[in-house]
Every structure is written in structure tokens, then in C-alpha cells.
Amino acid sequence: MSAAVSPQLELRGVTKRFGGVAAVDGVSFEVAKGDIVGIIGPNGAGKTTLLNCISGTQRLDRGDIRLNGSSIAGISPHRVAKLGIGRTFQIVKPFGSMTVRENAAIGALFGSAQARRGVAGAFALADEVLELVGLRAKADHPVSALTIPDRKRLEVARAVATRPQLLLLDEVMAGLNNVEVDDALDMVRAVHATGVTVLLIEHVMRVIVGVCRRAIVLDFGHVLAQGEPEVVLRDERVIQAYLGERYAKRLKS
Amino acid sequence: MDAFVQLVILGLLAGGVYVAVGVGFGLVWGVLNIVNLAHGALVVVGGYITWQLFTGFGLDPFLTLPLDAAALFILGYALQRGVINRIIRAPLLFTFLLTFGVNLVIVNILLLIFGSDFRSVTPAYSGQGLELGSVVIPYVRLASLGAAILLAAGLAFLLNRTRIGLAIHAISADRDAAQLVGIDLRHAYAVTYGLGAACAGIAGGLIAMIQAITPTAGEPYTLQAFVVVILGGLGRVSATVVGGLAFGLVEAFGQSIPGSGSVFANAIAFGLMVLVLVTRPQGLMGRLH
């Protein structure tokens with residue numbers, strides 16, 4: 001069967017324009033089941049727009065996105081979630097009027113077909129997920145009492161509670177200090193170890209090298225390079241895109 | 001002393017109706033951010049369904065309440081799904097215009113069907129009451145208060161303990177995040193408006209037993225709902241219960257002032273609302289964020 005060999009996520013010439021600007025321009029790549037892939041790129045490279053296209057919050061202008069071989073381009077975000085794609089936001093969007101446990105339970109109540117269960121079951125799954133991301137002790141806290149790193153954890157917990165097969169993480173490490181990044185890396189590894197495919201956007205190089213098996217570099221909406229993180233980060237074009245031509249030359253010499 | 005007790009009782013009894021009128025309005029406002037100017041018209045639709053079932057089929061008016069709720073839920077769901085969803089992200093003024101338009105349409109359809117005559121629902125027990133010393137409490141009003149409290153409790157249970165209730169909480173907290181955990185926004189919005197309409201329908205059924213209704217009678221109910229929700233505080237059913245009962249009490253005492261009478265009922269109501277907005281803008285029970 002061809003479905004068995006097709007990659008879990010497949011992007012073909014994905015293009016998204018805002019007026020005259022192509023924020024994402026003909027991006028193609030594949031993510032295999034169980035993989036953990038990082039997307040990096042300078043500010044404005046189109047990373048978040050790309051995630052928005054995959055999760056259905058923005059419509060593609062051209063191209064196709066396939067999940068397990070069938071197209072998900074143009075379907076609404078809640079249906080994408082039900083098909084098994086979880087998503088976090090760079091600027092966290094917790095349900096502010098609820099407790100930590102309730103936030104996670106909402107994910108468990110409405111997520112993918114695997115997550116779907118009754119209210120009591122959802123709260124049980126919420127507790128499991130909070131344990132996984134290290135928020136179990138704060139389950140009864142209101143969201144407003146959480147620190148920034150904890151809010152990022154909650155964002156991940158809510159997405160994981162939807163029981164996704166593929167998890168999109170939008171800069172979960174941004175704004176964290178070194179110790180917090182290490183903790184967050186452990187959390188991402190723990191989530192990945194449960195069998196979830198992870199596609200993450202990061203600014204912090206250490207994260208990409210630390211957890212990703214493969215890195216994709218975006219620049220001005222194009223894929224600049226992809227491959228093993230160590231190799232990709234030594235690519236001259238990548239260094240240029242990040243640091244400018246002058247520094248790239250200096251590094252080379 | 002007797003007069004005081006009587007006023008408290010009358011105030012609470014009137015407050016029960018305000019609770020019923022207010023809860024659905026508060027739900028729609030709090031979750032969808034729509035000040036639903038068609039709310040009063042929906043109340044009147046509920047009243048007419050009760051009247052029709054009572055006069056046409058001899059059904060006890062209290063037994064018609066679930067049917068009011070069911071019919072108005074369907075109507076509300078369809079209205080939101082088909083019409084109001086289109087402007088859900090539009091500025092508040094658009095929701096005013098649209099719901100006012102819906103209000104006009106409903107009122108005129110009622111006029112076409114039922115004419116402009118006043119109708120009232122008078123079951124056999126409507127004249128009877130409970131005598132406590134010199135105070136007489138009409139059974140219908142007592143049962144209405146009970147029904148209103150039950151309605152509020154049922155709504156609170158639904159919102160806090162059920163799947164769809166949690167979805168409603170989630171969409172009111174963050175639409176984008178709710179969508180991305182798998183909540184169908186258009187459906188959840190429609191259910192919310194449907195529930196608000198169902199509450200209005202029950203309120204209408206209760207009102208039809210207490211006073212005569214006519215298709216154009218809805219506007220005061222929209223205003224009352226507005227005042228009650230502001231008084232209690234937006235966002236929680238329990239706050240609307242407090243707001244409704246408080247409004248009933250204030251109105252009862254206000255009308256008892258010599259020379260006041262029912263003429264000043266609206267002035268008192270809106271005066272109170274202004275007072276609350278100035279001194280405690282989050283409402284009696286509301287929380288500031």
C-alpha cells in the first residue's frame with residue numbers, strides 16, 4: 001500500500017502571499033513518522049506563516065499539504081486538529097479564565113479521534129499530560145498564577161492532550177533563559193518519546209542541534225537548506241542569511 | 001413590618017422573572033460579545049408558544065416551558081449559524097444593527113401570525129395564592145421564581161460540567177486556541193446563541209402567565225436583561241441571578257415610595273444601572289481582570 005510508505009507530512013510547493021509579498025514561496029519538504037524536525041530562519045522568513053498554513057488558520061495560495069497521503073489544504077483548523085495535528089502558539093494563548101487542568105482537559109475533550117472521551121476521562125488524560133510536561137503539581141492553579149516558562153509548558157500540554165500524531169511547536173523556547181531552555185528541551189524529548197512526530201520552529205540554535213534529527217532553513221519564504229542540523233548550520237548560505245555576507249567571509253577565513 | 005416583608009417577597013418574585021430574562025442575554029453577551037437586541041423578541045416568541053399550547057391544546061403552562069426552550073434553541077441555533085455568525089468578528093455596532101434587524105423581523109412575523117391583540121395565559125390556579133398572615137403570594141409567581149432558579153442552576157451545570165459547556169468557556173477565553181484544539185467555532189457559537197434563546201423562551205413562558213403579551217412587548221425585556229446583567233456582572237450565571245433578584249427588590253421598593261408608582265420603574269432601573277457602572281463597573285458579583 002502506498003499510504004504506508006508515504007511520509008506523515010508532505011508539503012508541495014506551498015505558497016502564501018500577503019498582498020505582493022510571498023511570505024512562504026514554493027516550500028516543499030517531508031516529515032517522516034516519528035521524526036523530530038526543526039525549522040529555523042531569520043525573523044520574517046515565513047516560519048510561523050508556514051505553521052499557520054499547516055494548521056489551517058491560513059489558506060494556501062498555491063501548493064498542497066498532505067497528512068498521511070491525503071490533502072489537508074484548505075480545511076478548517078478544528079478539523080485539522082481532529083485529524084491529529086496539534087499546535088502551540090509563539091505568544092501563548094491559554095484559556096485565561098480556567099485552571100491549568102481545565103486548559104489541558106479542553107485539549108483532551110476536543111482533540112483528535114484518539115483523544116475523544118467523556119469529561120471525566122478528559123480530566124484523567126489532562127493529569128497524565130501535565131505529569132509529562134512537569135505541571136502536575138500546579139494543576140489546580142489558575143493560569144494567571146503561572147510563570148512564563150510554565151505557560152509555555154501549558155501550551156504544549158494542551159496541544160499534547162489533543163493526542164496528535166504530529167505536533168507543531170512555535171518557538172516554545174523563546175524568551176527562556178539557559179536553564180529553562182534545558183528543562184524545555186527535556187520536555188520536548190519526553191513528548192517525542194511518547195511517539196509523537198514533532199515539527200518545531202526555533203530561533204535558538206542550541207535547541208535545533210540539541211533535539212532535532214533534521215533541520216530546515218527558511219529564508220524569505222524559500223527553503224535555503226535542509227539536512228542534519230550540524231551540517232546545515234555550517235552551510236555558507238545559512239551563515240550568510242543569519243549573519244550577513246561580511247561575517248560569513250570572516251568565519252570562512 | 002408586614003409591608004416590608006411583602007415588598008421583599010414581591011421584589012424577589014419579580015426578580016425571578018428578571019433572572020430568567022437575564023441569564024440567556026448574559027450568556028450571549030459574555031461569550032459571543034453580542035448585545036443581543038433581539039432578546040426581548042425571543043422572549044415574546046416563547047410567550048406565544050406557551051399561549052398557543054395552553055389555549056390550543058389545554059397544556060398546563062408550566063409543562064410548555066421545555067417546549068419553549070426546545071423550539072427557541074432550534075430557532076436561535078439557526079439564526080446564529082445562518083445569519084449572526086457572518087459578523088462574529090465585526091465591530092460591536094454591526095451586531096447592534098443586525099440583532100436589531102432580527103428583532104424587527106421577529107416582531108413583524110408575530111404580528112402577522114397572532115395580530116396585535118394582548119394575550120394572556122390564565123390557568124385555573126392563576127388567581128390562587130399562598131396566604132402568610134396578611135401577605136398573599138400568588139402560586140404562579142412562586143412557581144415562576146422556582147422555575148427561574150432551576151433554569152439558572154441548569155444553565156450553570158451545563159456550562160461548568162459538560163463537554164459543550166467547556167467548549168463555550170474555551171471559545172469565550174480564546175477563539176483561536178479553541179479552534180486549534182479541535183472546537184468547531186461556528187457550531188459552538190450557534191449552540192451558545194441557541195442556549196441563550198432557549199433561556200429567553202422559558203422566560204417568555206413565565207412572563208405570559210404573569211402579564212399579557214403582545215408582539216411588540218419585547219423591548220422592555222431586552223432593556224431589563226441589559227440592566228440585570230450589568231448589575232450582577234458579566235460572565236457568570238450566579239452573578240446574573242444576584243443581579244436579577246437585586247433588580248426585582250430595587251424595583252419593588254422604588255415603586256412603594258409615595259408618588260412614585262410604576263411610572264418611574266424604568267427611571268429607577270436605569271438610575272441604578274448608572275450608579276453601578278460608576279461605582280462598581282464589574283457589577284455586584286463580577287471580577288475585574
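Modeller: Residues are numbered from 1 along each chain as its sequence is written, and chains are lettered from A in the order in which they are written. Because the model is predicted, local features need pLDDT of at least 70 and side-chain atom pairs count only at pLDDT 80 or more, while totals for chains, interfaces and linings use all residues.

Biologist: Why are β9 and β10 of chain A called paired strands?

Modeller: Two strands pair if DSSP finds at least two bridges between them, strands being DSSP runs of E of at least two residues and helices runs of H or I of at least four, numbered from the N terminus. Five bridges join β9(A), residues 214-219, to β10(A), so the two pair, and they run antiparallel. A:Leu218 stands opposite A:Val223 of β10(A).

Biologist: What makes β6 and β10 of chain A edge strands?

Modeller: The open sheet has the order β6-β7-β8-β3-β9-β10 (chain A). β6 (85-87) and β10 (222-227) each have a single partner strand, so one side of each lacks a neighbour in the sheet.

Biologist: How do you know that β1 and β2 of chain B pair?

Modeller: Four bridges link β1(B), residues 129-132, with β2(B), residues 135-138, in the antiparallel sense. In their hairpin, B:Gly133 takes a positive phi near 60 degrees.

Biologist: What makes residues of chains A and B count as in contact?

Modeller: Their C-beta atoms, placed from the backbone, must lie within 7 Å. By that rule, 18 residues of chain B are in contact with 20 residues of chain A. The largest share of chain B's side, six residues, comes from α6(B).

How values were computed:
Contact = placed C-beta atoms within 7 Å.
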